[in-house]
Amino acid sequence: MQLYNKLSAKEREALIEQAGEERLTLSFYKYAKIGNPQLFRNHLFVAWDNMNVLGRIYVAHEGINAQLSVPAKEFSKFKAFLDGIYFLENVRLNIAIEHDDKSFLKLKIKVRSKIVADGLNDESFDVTNRGVHVDAEQFNALIEDPDTVLVDMRNHYESEIGHFKNAVTPDVDTFRDSLDIIEADLKAHKEDKKLVMYCTGGIRCEKASAYYKHKGFKNVYQLDGGIIEYTRQVNEKGLENKFLGKNFVFDHRRGERISNHIIARCHQCGDPCDTHVNCANEACHLLFIQCEKCAQKMNDCCSDHCKEVIKLPYEEQKKLRAGKRNSNKIFKKGRSPVLKFKSLSKSLLNE
């Protein structure tokens with residue numbers, strides 16, 4: 001029984017191009033008790049591989065967190081499969097705003113200790129005692145209230161290219177880093193302010209809202225469905241869009257345009273830009289913001305050193321990479337010292 005990918009990303013990309021069929025990019029999550037995550041993982045892989053579903057999925061004893069690319073013609077079958085799993089029946093599917101048939105090129109289903117790396121001891125508080133879920137209309141009203149503190153629960157490289165107006169955007173590299181920082185910064189307002197949170201699809205706020213209630217915050221709210229669902233409701237109901245810029249997404253697209261505002265800068269020259277790229281040197285692979293002018297000048301690299309490396313024969317590049325485990329985490333996504341404009345950009349709207 002095949003429980004792993006047999007095709008490379010390039011081979012899969014070629015097949016998608018040959019097929020010429022529309023694919024849907026979507027995400028969903030669900031906190032639920034899963035007795036045997038490995039067995040559940042294998043069950044998902046067999047079913048989804050047969051449907052040509054691709055994506056990145058985390059399964060744990062506490063539930064599932066999935067970002068997927070599904071062939072449009074298989075969507076009804078895919079939905080029926082989910083509905084056949086008792087805790088996933090009618091689960092909300094966040095459909096991408098901007099579609100890309102190549103958003104995912106492999107099916108990766110991994111068993112993890114948690115579906116979001118939050119660093120929390122779930123036994124120390126009631127994870128089901130969550131904040132009040134609000135829709136887009138309620139959210140818009142809340143964030144205009146002077147007694148509201150709006151907090152972005154995402155990382156700096158996400159909020160750098162897009163965030164809600166007047167949001168607090170913690171300068172952190174990981175979700176777990178933000179939790180204690182936010183509590184410390186807002187400890188004086190646990191009773192007199194409304195704490196309103198948002199993230200990409202809602203999953204980070206599910207746990208964070210319960211954590212902050214446990215820490216003594218009296219009025220805790222979270223944007224139901226996150227930025228993705230907010231944008232759908234804004235478009236469907238004709239509401240005012242209070243999100244500025246792009247929504248960072250964790251697939252090959254790297255971002256969805258929500259508004260025409262460009263609130264970030266190229267990390268190399270400082271010109272207005274909100275396009276994330278990975279350094280062309282595979283030994284580096286740094287995620288950073290690069291404009292077209294710098295991409296051409298630097299051959300899609302983050303530094304002069306990487307620019308020289310990619311000129312070498314492929315086999316020589318492989319030798320240089322041997323034994324090294326460079327990753328975006330090492331470079332902290334846009335904080336590498338080789339980048340001149342590596343710090344969080346100020347909003348161009350406020351200059």
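Biologist: In which strand is Lys 110 found?

Modeller: A word on the source before the reply: this is a predicted model. Strands are numbered from the N terminus, and the one that covers residues 107-111 takes in Lys 110. The strand asked for is S5.

Biologist: Is Lys 110 buried, partly exposed or exposed?

Modeller: Buried means under 20% relative accessible area and exposed means over 50%. Lys 110 has a relative accessible area of 39%, so this residue falls in between and is partly exposed.

Biologist: Which residues gather with Lys 110 in a patch of positive charge on the surface?

Modeller: Lys and Arg count as positive. The surface patch that holds Lys 110 is one of positive charge.

Biologist: How many helices and strands does the chain have, and why is it called as compact as a globular protein of its length?

Modeller: The secondary structure comes to twelve helices and 14 strands. For 351 residues the globule rule gives 20 Å, and the chain is as compact as a globular protein of that length because its radius of gyration is close to that value, at 21 Å.

Biologist: What share of the residues of the chain count as buried?

Modeller: The C-alpha trace spans about 60 × 55 × 40 Å along its principal axes. A residue is buried if its relative accessible area is under 20%. Of the 351 residues, the share that count as buried is 51%.

Biologist: Where does Asp 274 lie, and which residue does it meet in a salt bridge?

Modeller: Side chains of opposite charge can pair when their charged atoms come close. Here the N to O distance is 2.9 Å, between the side chains of Asp 274 and Arg 257. The pair links distant parts of the chain, 17 residues apart: Asp 274 is in the loop between S12 and strand S13, and its partner in strand S12 is Arg 257.

Biologist: Which residues do salt bridges that share partners join into one network?

Modeller: Lys 114 forms a salt bridge with Asp 118, with the closest N and O atoms 2.6 Å apart. Lys 114 also forms one with Asp 122, at 3.1 Å. Both Asp 118 and Lys 114 are buried. The network joins Glu 62, Lys 114, Asp 118, Asp 122 and Lys 207.

Biologist: What is the value of phi near which Asn 90 sits?

Modeller: Asn 90 is in the loop between helix H3 and strand S4. Its relative accessibility is 59%, so Asn 90 counts as exposed. Phi is positive here, in a residue other than glycine, and is near 60°.

Technical notes:
Residues are numbered from 1 along each chain as its sequence is written. This is a predicted model: local features need pLDDT of at least 70, side-chain atom pairs count only at pLDDT 80 or more; totals for chains, interfaces and linings use all residues. Side-chain values use heavy atoms; hydrogens and water are left out. Patches are made of residues with over 30% relative accessible area and no salt bridge: like charges are joined within 9 Å, nonpolar side chains (Val, Leu, Ile, Met, Phe, Trp, Tyr) within 5 Å. Accessible areas come from the Shrake-Rupley method with a 1.4 Å probe; for residues, only the protein chains shown count as cover. A salt bridge is a side-chain nitrogen of Lys or Arg within 4 Å of a carboxyl oxygen of Asp or Glu. The place of a charge is taken as NZ of Lys, CZ of Arg, CG of Asp or CD of Glu. Helices (H or I, at least four residues) and strands (E, at least two) are DSSP runs, numbered from the N terminus. Buried means under 20% relative accessible area, exposed over 50%, partly exposed in between (1.4 Å probe, protein chains only). The radius of gyration is taken over C-alpha atoms; the globule rule is 2.2 Å times the number of residues to the power 0.38.
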